[in-house]
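This report describes the pockets of the structure shown below and the surroundings of its ligand.

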Amino acid sequence: MTHRFTQNPILKTQDIRPSHPGLIVECVLNPGVFSFEGKTWLLLRVAERPAQKDGMISFPVMQSDGSLRILEFERNDPHLDLSDARIITYKGDTYLTTISHLRLVCSDDHIHFYEPSDRPTRIVGHGPLETFGIEDCRVSLIEGEYHLTYTQVSENGVGVGLMRTRDWRTFHRAGMILPPHNKDCCLFEEQINGKYYCLHRPSSVFVGGNYIWLAASPDLLHWGGHHCLLRTREGMWDSARVGAGAAPIRTEAGWLQIYHGADANHRYALGAVLLDLHDPSVVLARSETPLLEPVADYEMRGFFGNVVFTNGHLVHGDEITMYYGASDEVICGAKLSIEGILSQLEVEKSSDIVYKIMS
Ligand code: MAN
(Lines give C-alpha, C1' and ligand atoms only; values in the text may rest on other atoms or scores of the structure.)
Protein backbone atom coordinates (compact mmCIF):
# COMPACT_ATOMS: atom_id res chain seq x y z
CA MET A 1 0.00 0.00 0.00
CA THR A 2 2.95 2.32 0.62
CA HIS A 3 5.11 2.56 -2.47
CA ARG A 4 8.58 3.97 -1.90
CA PHE A 5 10.08 5.93 -4.80
CA THR A 6 12.43 3.64 -6.71
CA GLN A 7 14.87 6.61 -6.80
CA ASN A 8 15.20 6.73 -2.97
CA PRO A 9 16.99 8.43 -1.37
CA ILE A 10 16.15 11.44 -3.54
CA LEU A 11 18.34 13.92 -1.61
CA LYS A 12 21.60 13.18 0.16
CA THR A 13 23.98 15.36 2.13
CA GLN A 14 26.37 15.71 -0.82
CA ASP A 15 23.56 17.29 -2.89
CA ILE A 16 23.36 20.25 -0.51
CA ARG A 17 25.79 23.18 -0.32
CA PRO A 18 26.94 24.05 3.22
CA SER A 19 25.65 27.40 4.48
CA HIS A 20 29.09 28.60 5.65
CA PRO A 21 32.64 27.78 4.61
CA GLY A 22 34.02 25.45 7.27
CA LEU A 23 30.75 23.64 7.87
CA ILE A 24 29.80 20.19 6.60
CA VAL A 25 26.25 19.07 5.88
CA GLU A 26 25.75 16.02 8.12
CA CYS A 27 22.03 15.48 7.56
CA VAL A 28 19.32 16.60 5.18
CA LEU A 29 16.01 15.51 6.57
CA ASN A 30 12.37 16.04 7.50
CA PRO A 31 11.12 18.43 4.79
CA GLY A 32 7.98 20.55 4.82
CA VAL A 33 6.23 20.27 1.45
CA PHE A 34 4.05 22.62 -0.62
CA SER A 35 3.01 23.55 -4.16
CA PHE A 36 3.83 27.03 -5.43
CA GLU A 37 3.99 28.56 -8.91
CA GLY A 38 3.38 25.18 -10.56
CA LYS A 39 6.28 23.43 -8.84
CA THR A 40 6.71 21.06 -5.90
CA TRP A 41 8.80 22.58 -3.11
CA LEU A 42 10.56 21.07 -0.15
CA LEU A 43 11.62 23.10 2.86
CA LEU A 44 14.50 20.92 3.98
CA ARG A 45 16.06 20.71 7.39
CA VAL A 46 19.81 20.99 6.83
CA ALA A 47 21.93 20.00 9.84
CA GLU A 48 25.58 21.09 9.88
CA ARG A 49 28.72 21.09 11.97
CA PRO A 50 32.45 21.59 11.39
CA ALA A 51 34.59 18.69 10.13
CA GLN A 52 35.42 16.69 13.25
CA LYS A 53 39.05 16.56 14.37
CA ASP A 54 40.53 13.41 15.92
CA GLY A 55 39.83 13.17 19.63
CA MET A 56 37.56 16.24 19.65
CA ILE A 57 33.88 16.99 19.21
CA SER A 58 32.75 20.39 17.98
CA PHE A 59 29.44 21.96 17.03
CA PRO A 60 28.10 25.43 16.20
CA VAL A 61 25.85 27.65 18.30
CA MET A 62 24.27 30.85 16.95
CA GLN A 63 25.15 34.13 18.69
CA SER A 64 22.79 37.05 19.21
CA ASP A 65 24.34 38.90 16.22
CA GLY A 66 23.59 35.93 13.92
CA SER A 67 27.21 34.74 13.74
CA LEU A 68 28.19 31.18 14.62
CA ARG A 69 30.43 30.26 17.53
CA ILE A 70 32.07 26.83 17.51
CA LEU A 71 32.14 24.98 20.83
CA GLU A 72 34.77 22.26 21.14
CA PHE A 73 35.31 19.51 23.72
CA GLU A 74 37.80 16.67 24.13
CA ARG A 75 36.05 13.39 23.38
CA ASN A 76 37.54 11.64 26.39
CA ASP A 77 36.41 14.34 28.84
CA PRO A 78 34.63 12.34 31.58
CA HIS A 79 31.92 15.03 31.86
CA LEU A 80 30.85 14.46 28.26
CA ASP A 81 27.98 12.14 27.27
CA LEU A 82 27.96 11.30 23.55
CA SER A 83 25.72 8.23 23.68
CA ASP A 84 23.07 9.79 21.37
CA ALA A 85 24.37 10.98 17.95
CA ARG A 86 21.93 13.92 18.08
CA ILE A 87 22.83 15.46 21.42
CA ILE A 88 25.76 16.26 23.70
CA THR A 89 25.50 16.52 27.42
CA TYR A 90 28.28 18.29 29.26
CA LYS A 91 28.15 18.88 33.03
CA GLY A 92 24.34 18.85 33.01
CA ASP A 93 23.96 21.18 29.98
CA THR A 94 22.54 19.73 26.77
CA TYR A 95 23.51 20.87 23.26
CA LEU A 96 22.81 19.54 19.79
CA THR A 97 25.65 17.94 17.81
CA THR A 98 24.53 19.88 14.70
CA ILE A 99 22.76 23.18 14.04
CA SER A 100 19.84 23.14 11.60
CA HIS A 101 18.41 25.73 9.26
CA LEU A 102 15.70 25.43 6.59
CA ARG A 103 16.50 25.35 2.87
CA LEU A 104 14.15 25.76 -0.09
CA VAL A 105 14.43 23.45 -3.09
CA CYS A 106 11.97 22.94 -5.94
CA SER A 107 11.16 20.37 -8.60
CA ASP A 108 9.21 20.00 -11.81
CA ASP A 109 8.78 16.24 -11.46
CA HIS A 110 8.44 15.58 -7.67
CA ILE A 111 11.73 13.68 -7.69
CA HIS A 112 14.67 15.84 -8.81
CA PHE A 113 15.07 18.89 -6.61
CA TYR A 114 17.33 21.93 -7.00
CA GLU A 115 17.90 25.27 -5.29
CA PRO A 116 16.40 28.01 -7.48
CA SER A 117 18.82 30.83 -8.31
CA ASP A 118 16.23 33.62 -8.39
CA ARG A 119 15.31 33.78 -4.70
CA PRO A 120 16.82 33.46 -1.21
CA THR A 121 16.71 29.78 -0.24
CA ARG A 122 17.97 29.80 3.35
CA ILE A 123 15.86 30.45 6.43
CA VAL A 124 18.04 30.55 9.53
CA GLY A 125 17.39 30.92 13.25
CA HIS A 126 16.99 34.39 14.75
CA GLY A 127 17.19 35.59 18.33
CA PRO A 128 17.53 33.90 21.73
CA LEU A 129 14.99 31.13 21.16
CA GLU A 130 16.72 29.72 18.05
CA THR A 131 20.41 29.68 18.98
CA PHE A 132 20.62 25.88 18.50
CA GLY A 133 18.72 26.08 15.21
CA ILE A 134 15.32 25.61 13.60
CA GLU A 135 13.97 22.24 12.50
CA ASP A 136 11.24 20.04 11.02
CA CYS A 137 8.96 22.64 9.44
CA ARG A 138 5.32 21.90 8.57
CA VAL A 139 3.82 24.09 5.81
CA SER A 140 0.04 24.71 5.83
CA LEU A 141 -1.79 26.86 3.30
CA ILE A 142 -4.48 28.81 5.14
CA GLU A 143 -6.56 31.48 3.43
CA GLY A 144 -3.95 31.98 0.71
CA GLU A 145 -1.03 32.38 3.12
CA TYR A 146 1.63 29.74 3.83
CA HIS A 147 2.00 29.08 7.55
CA LEU A 148 5.25 27.52 8.71
CA THR A 149 5.27 25.80 12.10
CA TYR A 150 8.73 24.65 13.09
CA THR A 151 10.83 23.60 16.07
CA GLN A 152 12.85 26.35 17.74
CA VAL A 153 15.80 25.04 19.74
CA SER A 154 17.98 26.97 22.21
CA GLU A 155 19.46 26.66 25.69
CA ASN A 156 16.02 27.91 26.85
CA GLY A 157 14.30 24.79 25.54
CA VAL A 158 12.48 23.36 22.52
CA GLY A 159 9.28 25.09 21.38
CA VAL A 160 7.11 25.79 18.34
CA GLY A 161 7.59 28.88 16.18
CA LEU A 162 5.32 30.33 13.48
CA MET A 163 6.32 32.16 10.32
CA ARG A 164 4.04 33.29 7.50
CA THR A 165 4.64 34.10 3.86
CA ARG A 166 2.63 34.61 0.69
CA ASP A 167 5.49 34.86 -1.81
CA TRP A 168 8.35 32.83 -0.25
CA ARG A 169 10.49 35.99 -0.31
CA THR A 170 9.18 37.97 2.63
CA PHE A 171 8.59 36.16 5.90
CA HIS A 172 6.70 37.46 8.92
CA ARG A 173 8.02 35.84 12.05
CA ALA A 174 5.32 35.55 14.72
CA GLY A 175 7.72 34.05 17.30
CA MET A 176 7.06 31.18 19.67
CA ILE A 177 3.41 30.09 19.74
CA LEU A 178 3.82 27.04 22.00
CA PRO A 179 6.50 27.20 24.73
CA PRO A 180 8.87 24.39 25.83
CA HIS A 181 8.83 21.53 25.79
CA ASN A 182 6.82 21.31 22.59
CA LYS A 183 7.37 20.34 18.94
CA ASP A 184 5.70 18.47 16.03
CA CYS A 185 3.00 21.12 15.50
CA CYS A 186 0.83 21.07 12.39
CA LEU A 187 -2.06 23.36 11.57
CA PHE A 188 -5.38 22.27 10.10
CA GLU A 189 -5.77 24.11 6.79
CA GLU A 190 -9.35 25.19 7.40
CA GLN A 191 -11.42 26.29 10.36
CA ILE A 192 -13.76 23.89 12.15
CA ASN A 193 -16.85 25.41 13.80
CA GLY A 194 -15.30 28.88 13.51
CA LYS A 195 -11.93 28.04 15.10
CA TYR A 196 -8.44 27.18 13.91
CA TYR A 197 -6.95 23.92 15.17
CA CYS A 198 -3.50 22.43 15.54
CA LEU A 199 -1.92 19.19 16.66
CA HIS A 200 1.13 19.57 18.89
CA ARG A 201 3.37 17.50 21.13
CA PRO A 202 4.16 18.80 24.59
CA SER A 203 6.29 16.43 26.68
CA SER A 204 5.76 15.70 30.34
CA VAL A 205 8.82 14.76 32.33
CA PHE A 206 7.46 12.85 35.33
CA VAL A 207 3.76 12.10 34.92
CA GLY A 208 2.34 11.76 31.39
CA GLY A 209 4.56 11.33 28.34
CA ASN A 210 5.13 12.28 24.70
CA TYR A 211 1.56 12.46 23.42
CA ILE A 212 -0.23 14.26 20.59
CA TRP A 213 -2.49 17.08 21.78
CA LEU A 214 -5.17 19.12 20.01
CA ALA A 215 -5.56 22.89 20.57
CA ALA A 216 -7.85 25.61 19.20
CA SER A 217 -7.26 29.27 18.40
CA PRO A 218 -9.13 32.34 17.17
CA ASP A 219 -6.08 33.72 15.29
CA LEU A 220 -3.41 30.96 14.96
CA LEU A 221 -1.28 32.79 17.56
CA HIS A 222 -3.10 32.23 20.85
CA TRP A 223 -3.83 28.60 21.61
CA GLY A 224 -6.20 27.13 24.21
CA GLY A 225 -8.78 24.41 24.70
CA HIS A 226 -5.93 21.89 24.99
CA HIS A 227 -6.96 18.27 24.73
CA CYS A 228 -4.78 15.15 24.99
CA LEU A 229 -5.68 13.31 21.81
CA LEU A 230 -3.36 10.37 21.21
CA ARG A 231 -1.19 8.56 23.73
CA THR A 232 1.57 6.04 23.30
CA ARG A 233 0.59 2.34 23.38
CA GLU A 234 2.53 -0.12 25.49
CA GLY A 235 4.09 -3.01 23.62
CA MET A 236 3.39 -1.45 20.22
CA TRP A 237 5.44 0.33 17.54
CA ASP A 238 4.42 3.70 19.07
CA SER A 239 5.08 2.82 22.73
CA ALA A 240 7.48 5.66 23.67
CA ARG A 241 6.52 8.78 21.70
CA VAL A 242 4.04 9.96 19.12
CA GLY A 243 4.07 13.21 17.15
CA ALA A 244 2.02 14.75 14.34
CA GLY A 245 3.23 14.93 10.75
CA ALA A 246 1.95 17.39 8.13
CA ALA A 247 -1.45 19.15 8.00
CA PRO A 248 -4.33 16.68 8.49
CA ILE A 249 -5.99 15.65 5.22
CA ARG A 250 -9.72 16.29 4.89
CA THR A 251 -11.49 13.12 3.69
CA GLU A 252 -15.17 12.17 3.70
CA ALA A 253 -14.47 9.74 6.54
CA GLY A 254 -12.72 12.36 8.70
CA TRP A 255 -9.40 14.16 9.13
CA LEU A 256 -6.60 11.80 8.21
CA GLN A 257 -3.31 12.42 9.95
CA ILE A 258 -0.08 10.55 9.28
CA TYR A 259 1.96 10.61 12.50
CA HIS A 260 5.23 9.17 13.75
CA GLY A 261 5.60 6.80 16.63
CA ALA A 262 8.78 5.55 18.29
CA ASP A 263 9.42 2.68 20.65
CA ALA A 264 11.84 2.48 23.58
CA ASN A 265 14.70 1.68 21.18
CA HIS A 266 14.12 4.95 19.27
CA ARG A 267 12.80 3.06 16.26
CA TYR A 268 10.56 5.53 14.41
CA ALA A 269 7.71 4.34 12.17
CA LEU A 270 4.68 6.05 10.61
CA GLY A 271 0.98 5.33 11.14
CA ALA A 272 -2.39 6.98 10.62
CA VAL A 273 -5.14 8.32 12.82
CA LEU A 274 -8.61 9.38 11.71
CA LEU A 275 -10.37 12.25 13.52
CA ASP A 276 -14.02 13.26 13.37
CA LEU A 277 -14.61 15.92 10.69
CA HIS A 278 -16.77 18.14 12.90
CA ASP A 279 -15.06 17.42 16.22
CA PRO A 280 -11.35 16.59 15.78
CA SER A 281 -11.05 15.68 19.47
CA VAL A 282 -12.81 12.41 18.60
CA VAL A 283 -10.48 9.62 17.41
CA LEU A 284 -12.35 7.33 15.00
CA ALA A 285 -9.56 4.89 14.11
CA ARG A 286 -5.82 4.43 14.49
CA SER A 287 -3.22 2.20 12.81
CA GLU A 288 -2.44 -1.02 14.63
CA THR A 289 0.44 -1.71 12.26
CA PRO A 290 2.64 0.99 10.70
CA LEU A 291 2.12 2.39 7.20
CA LEU A 292 5.87 2.69 6.83
CA GLU A 293 8.66 1.34 9.01
CA PRO A 294 12.43 1.41 8.65
CA VAL A 295 13.31 -1.66 6.61
CA ALA A 296 15.24 -0.32 3.61
CA ASP A 297 18.98 -0.02 4.09
CA TYR A 298 18.89 3.82 3.90
CA GLU A 299 16.19 3.81 6.63
CA MET A 300 18.09 1.48 8.94
CA ARG A 301 21.60 2.88 8.66
CA GLY A 302 22.71 6.51 8.83
CA PHE A 303 23.28 9.43 11.20
CA PHE A 304 20.57 8.06 13.52
CA GLY A 305 19.42 4.72 12.16
CA ASN A 306 16.03 3.00 12.22
CA VAL A 307 14.11 6.22 11.64
CA VAL A 308 11.41 7.21 9.17
CA PHE A 309 9.89 10.61 9.96
CA THR A 310 7.46 12.72 7.94
CA ASN A 311 6.25 16.29 8.16
CA GLY A 312 5.27 16.94 4.56
CA HIS A 313 3.14 15.66 1.72
CA LEU A 314 1.08 16.70 -1.30
CA VAL A 315 -2.39 15.36 -1.99
CA HIS A 316 -3.91 14.91 -5.44
CA GLY A 317 -7.28 13.16 -5.40
CA ASP A 318 -6.70 9.81 -3.73
CA GLU A 319 -2.92 9.98 -3.94
CA ILE A 320 -0.63 11.17 -1.18
CA THR A 321 2.95 11.93 -2.25
CA MET A 322 4.75 11.80 1.06
CA TYR A 323 8.32 12.92 1.67
CA TYR A 324 10.21 11.67 4.69
CA GLY A 325 13.55 11.72 6.42
CA ALA A 326 15.32 8.35 6.67
CA SER A 327 17.91 7.60 9.35
CA ASP A 328 17.93 11.36 10.12
CA GLU A 329 20.32 11.66 7.16
CA VAL A 330 18.63 11.55 3.74
CA ILE A 331 15.29 12.40 2.15
CA CYS A 332 12.99 9.86 0.53
CA GLY A 333 9.54 9.76 -1.00
CA ALA A 334 6.61 7.35 -1.11
CA LYS A 335 3.12 7.25 -2.58
CA LEU A 336 0.11 6.19 -0.55
CA SER A 337 -3.57 5.88 -1.37
CA ILE A 338 -6.09 7.57 0.93
CA GLU A 339 -8.67 4.85 0.21
CA GLY A 340 -6.02 2.23 0.96
CA ILE A 341 -5.21 3.77 4.36
CA LEU A 342 -8.89 4.18 5.26
CA SER A 343 -9.75 0.59 4.37
CA GLN A 344 -6.77 -0.71 6.36
CA LEU A 345 -7.97 1.34 9.36
CA GLU A 346 -11.46 -0.20 8.93
CA VAL A 347 -10.11 -3.76 8.73
CA GLU A 348 -7.88 -3.24 11.77
CA LYS A 349 -10.76 -1.70 13.70
CA SER A 350 -13.09 -4.65 13.03
CA SER A 351 -10.39 -7.23 13.79
CA ASP A 352 -9.67 -5.35 17.03
CA ILE A 353 -13.37 -5.57 17.96
CA VAL A 354 -13.44 -9.32 17.13
CA TYR A 355 -10.30 -9.75 19.24
CA LYS A 356 -11.87 -7.89 22.17
CA ILE A 357 -15.10 -9.94 21.99
CA MET A 358 -13.12 -13.22 21.88
CA SER A 359 -10.70 -12.39 24.68
C1 MAN B 1 15.68 15.36 19.47
C2 MAN B 1 15.77 14.92 18.02
C3 MAN B 1 16.76 15.77 17.26
C4 MAN B 1 16.45 17.23 17.46
C5 MAN B 1 16.29 17.59 18.92
C6 MAN B 1 15.79 19.00 19.15
O7 MAN B 1 16.87 15.10 20.11
O8 MAN B 1 14.50 15.03 17.43
O9 MAN B 1 16.73 15.49 15.89
O10 MAN B 1 17.48 17.99 16.89
O11 MAN B 1 15.36 16.73 19.54
O12 MAN B 1 14.55 19.19 18.53
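Strand S8 gives the most to the lining of the largest pocket, with four residues. The model is a predicted one, in which local features need pLDDT of at least 70 and side-chain atom pairs count only at pLDDT 80 or more, while totals for chains, interfaces and linings use all residues. Residues are numbered from 1 along each chain as its sequence is written, and side-chain values use heavy atoms, with hydrogens and water left out.

Strands here are DSSP runs of type E with at least two residues, numbered from the N terminus. Besides S8 (93-96), the strands that each supply at least two residues of this lining include S2 (23-36), S3 (39-50) and S15 (182-187). A pocket is an open set of points, on a 1 Å grid over the protein atoms alone, where a 1.4 Å probe fits and which has protein on both sides within 12 Å along at least five of seven lines; its lining residues have an atom within 4 Å of a point.

| Pocket | Volume |
|---|---|
| Largest pocket | About 930 Å³ |
| Second largest pocket | About 400 Å³ |

Of the 21 residues that line the second largest pocket, Val 139, Glu 189, His 313, Leu 314 and Val 315 are the closest to its centre. S24 gives the most to this lining, with six residues.

The lining of the largest pocket divides into 14 nonpolar, 13 polar and 12 charged residues, and that of the second largest pocket into 12 nonpolar, six polar and three charged. In this classification Ala, Val, Leu, Ile, Met, Phe, Trp, Tyr, Cys and Pro count as nonpolar, Asp, Glu, Lys and Arg as charged, and the others, Gly among them, as polar.

The ligand takes up the space of the largest pocket, where a molecule sits in a pocket if more than half of its atoms lie within 2 Å of its grid points. Around the ligand are Arg 45, Arg 86, Leu 96, Glu 135, Thr 151, Val 153 and Lys 183, each with a heavy atom within 4 Å of it. By class, this shell has two nonpolar, one polar and four charged residues.

Polar contacts are pairs of N or O atoms within 3.5 Å. An oxygen atom of the ligand lies 2.7 Å from a side-chain N or O atom of Glu 135, and an oxygen atom of the ligand is 3.0 Å from a polar side-chain atom of Lys 183. Taken alone the ligand exposes 300 Å², of which the protein buries 81%, with accessible areas taken from the Shrake-Rupley method with a 1.4 Å probe.

Notes. Polar contact = N/O pair within 3.5 Å; in protein donor to acceptor, adjacent residues only side chain to side chain. Points joined across faces, edges and corners; volume = space filled by probe spheres on them.
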